[in-house]
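Please read the following report alongside the model and its sequence.

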Amino acid sequence: PKGTTLSTLTPGSRKIKIAWNKQASQTTGYQIQYSTRKDFKTKTTITVSGSKNTSKKIKSLLNKTKYYVRIRTYKKVGADKYYSSWSAVKNTKTR
């Protein structure tokens, strides 16, 4: 499927609001990864179903910590999921 890009990362106190560009064609949902490491060796993955969603709030993060975020789309066909490549990585620091 076609990929998408992160548009904004809005930091808050122990949270980040992630917004991305909508990709309506060939998309069932989005997969977001965030990490405190630039190489994503330790990461958390969130799945957002529905191609119409364009933002997600991540809560319960650490204060004053830099987080790296990336996103990709997926398309579900039967029991299989097909993924696009990851977007460029953006980072922000929580307050």
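This is a predicted model: local features need pLDDT of at least 70, side-chain atom pairs count only at pLDDT 80 or more; totals for chains, interfaces and linings use all residues.

Residues are numbered from 1 along each chain as its sequence is written, and side-chain values use heavy atoms, with hydrogens and water left out.

**The sheet**

Helices (H or I, at least four residues) and strands (E, at least two) are DSSP runs, numbered from the N terminus. Two strands count as paired if DSSP finds at least two bridges between them. Strands of a sheet pair through backbone hydrogen bonds, either parallel or antiparallel.

Six bridges connect S1 (residues 6-12) with S2 (residues 15-20) in the antiparallel sense. Thr-8 is found opposite Ala-19 of S2. The hairpin of S1 and S2 has two residues between the strands, and Arg-14 takes a positive phi near 65 degrees in this hairpin. On the S5 side, S2 and S5 run antiparallel and are joined by four bridges; Lys-17 stands opposite Lys-57 in S5.

**The aromatic pair**

Rings of Phe, Tyr and Trp (its six-membered ring) pair if their centres lie within 6.5 Å; planes under 30 degrees apart count as stacked, over 60 as edge-to-face and the rest as tilted. By this rule there are three aromatic pairs. In one of them, the ring centres of Trp-20 and Tyr-30 are 5.1 Å apart and the planes stand at 55 degrees, so the pair is tilted. Trp-20 belongs to strand S2 and Tyr-30 to strand S3 (residues 29-35), so the pair ties together parts that are ten residues apart in sequence.

**Accessibility**

Buried means under 20% relative accessible area, exposed over 50%, and partly exposed in between (1.4 Å probe, protein chains only).

| Residue | Relative accessible area | Class |
|---|---|---|
| Tyr-30 | 0% | buried |
| Trp-20 | 3% | buried |
| Thr-4 | 9% | buried |
| Thr-54 | 32% | partly exposed |
| Arg-37 | 37% | partly exposed |
| Asp-39 | 42% | partly exposed |

Contact means heavy atoms within 4.5 Å. Thr-4 lies in the segment before S1.

Thr-54 is placed in the loop between strand S4 (44-49) and S5. With neighbours within four places in sequence left aside, Thr-54 is in contact with Ile-18, Ala-19, Trp-20 and Lys-22. Between Thr-54 and Gln-31 there are 23 residues of separation in sequence and 12 Å in space, C-alpha to C-alpha.

**The salt bridge**

A salt bridge is a side-chain nitrogen of Lys or Arg within 4 Å of a carboxyl oxygen of Asp or Glu. The structure holds one salt bridge. Asp-39 forms a salt bridge with Arg-37, and the closest N and O atoms are 2.9 Å apart.
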